Amino acid sequence: MTKRSAKLSVDGKAVIELPIHEGSLGYDVIDIGRLGGNGLFTYDPGFSSTAACQSDITYIDGENGVLLHRGYPIEVLAEKSDYLEVCYLLFEGNLPTADQKVDFERTIRYHTMVNRSIELFISGFRYDAHPMAMLCGLVGAMSSFYHDSLDITDQQQRTISAHRLIAKMPTMAAMCHKHYIGQPYVYPDNSLSYAENFLHMMFGTPCEEYEVHPALTKAMDRIFLLHADHEQNASTSTVRLAGSSGANPFACIAAGIAALWGPAHGGANEAVLNMLNEIGDEKNIPKYLKRAKDKQDPFRLMGFGHRVYKNHDPRATVMRESCDEVLSVLGLENDPLFKLAKKLEQIALEDDYFVEKKLYPNVDFYSGIILKAIGIPVEMFTVIFATGRTVGWISHWNEMISNPYRIGRPRQLYTGAKTREFPEV
Ligand code: CMC
């Protein structure tokens, strides 16, 4: 914090002196908290210029394509670390020591199983319920199972809830898939790693073990890792806002899952595959590029562009590597759908409109392709994003609750009718 300030002048009069706070990296912020009493609010729909909180967890420099978790660049974490280590880093603030890592992994394993009533709860969903709808309901319902960790004023209970969420998300995600395809649930196998276990529960059956290819396990772990956190995006902000009312962690994460579902956010990886299927053939690419540029047409090239990254998405660079590796391991380089994806990537990267507007493929362009290649059905893509992002959501929620906070209550610019007389009949 510094003594710098900004003066706001309205109609030529200085209204108020506003303090400027300095972060450790990135933009400074003008503190407008005191403005309300002067008869003015600020107006920033879409929050393009508004910092809604202070946070130590993740830093993004969108102009230069930088993403740091607790100070560590995402490329370094993807190379040298793994998803569970990044979970520890995000939640606890530092990388674990060797002993802490072993301990943390053991704790997460210990919590992988879900209460048997969760199975019964899923059975109530229609056979073709979208897995995101089921997951949202299941996570909300966790508050009715784990009463012993709902006291949000107790750090130990907050930590137990975080561990339960991180551990049980893959189990519940896979259960949603099994319900959707009408197969029996496969229980977690705690001898497997986090990513291996997820693939085992997704693709194994009670009759047959599923052999997990190490390259696919690595790609799956990377997908979780690269989605682990992304600062104050729509779903994380939703979790914070829900949490600011004192709601329990499971309810808050369910709110985050709902916000993630939309195609402009976590639903993009599913939308990428739907779009590729719709384009169908390389010869149709120009027609779709034309539509993407047409302001009158709502069509957008899914998996391209980002609110914050205006250079490149550093997660996409890493994900692209994994994408090439998975396609090669599975011998799918010549599969028509993946060839179409590569062609679209190449053409869009060279197209003036996309180059000028700095619309690069984002992480979900490549994660969608990898998931499809692994054999994961498209309706599970956003569920997998939610599974990886759970640690980010719970870390932000915990950070907020651990510090002084107020209920979030945005204001508005009212443009409706002035007071009206009720018509006499
Ligand atoms: N296809 C065509 N035009 C686009 C696209 C696109 N995918 N993305 C942005 N534009 C245009 C947009 O119309 C605007 O044009 P103009 O300046 O002429 O009005 C310009 O580029 C700037 O975009 P914007 O509207 O300011 O971008 P935004 O910050 O509002 O939206 C976005 C960001 C991610 C919602 C958007 O780029 C988009 O819809 N992309 C496709 C969906 C997608 O892939 N989402 C996943 C994001 S990564 C995962 C995550 O973090 O959730």
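Reply: Happy to! Let's start at Asn362, where an N or O atom of the side chain is 2.9 Å from an oxygen atom of the ligand. Please keep in mind that this is a predicted model. Gly303 also takes part, but through its backbone: an N or O atom there lies 2.8 Å from a ligand oxygen. Arg300 reaches the ligand with its side chain, placing a polar atom 3.0 Å from one of the ligand's oxygen atoms. Taken on its own, the ligand has 930 Å² of accessible area, and the protein covers 77% of that.

Now for the wider surroundings. There are 20 residues around the ligand, and the ones that come nearest are His265, Leu301, Gly303, Arg307 and Asn362. Sorted by class, this shell holds nine nonpolar, five polar and six charged residues.

Next, the helices. A pair of packed helices is described by the angle between their axes and the distance between those axes. Take helix H14 (residues 336-350) and helix H16 (residues 363-374): their axes come within 11 Å and cross at roughly 170°. Because that angle is over 145 degrees, H14 is roughly antiparallel to H16. H14 brings Leu337, Phe338, Ala341, Leu344 and Glu345 to the contact, while H16 brings Phe365, Tyr366, Ile369, Lys372 and Ala373. Eight residues of this contact are nonpolar, two are charged and none is polar.

On the H7 side, the contact uses Tyr194, Ala195, Glu196, Phe198 and Leu199; on the H8 side, Leu216, Thr217, Met220, Asp221 and Phe224. The contact of H7 with H8 has seven nonpolar residues, one polar and two charged.

Key: Residues numbered from 1 in each chain as written. Predicted model: local features only at pLDDT ≥ 70, side-chain atom pairs only at ≥ 80, totals over all residues. Heavy atoms only, no water. Axes fitted to C-alpha atoms, helices over the stretch in contact; angles between N-to-C directions. Helix = DSSP H or I, 4+ residues; strand = E, 2+ residues; numbered from the N terminus. Parallel < 35°, antiparallel > 145°, perpendicular 65-115°, else oblique. Contact = heavy atoms within 4.5 Å. Nonpolar A, V, L, I, M, F, W, Y, C, P; charged D, E, K, R; others polar. Near = heavy atom within 4 Å. Polar contact = N/O pair within 3.5 Å; in protein donor to acceptor, adjacent residues only side chain to side chain. Areas by Shrake-Rupley, 256 points an atom, 1.4 Å probe, with all protein chains shown as cover.
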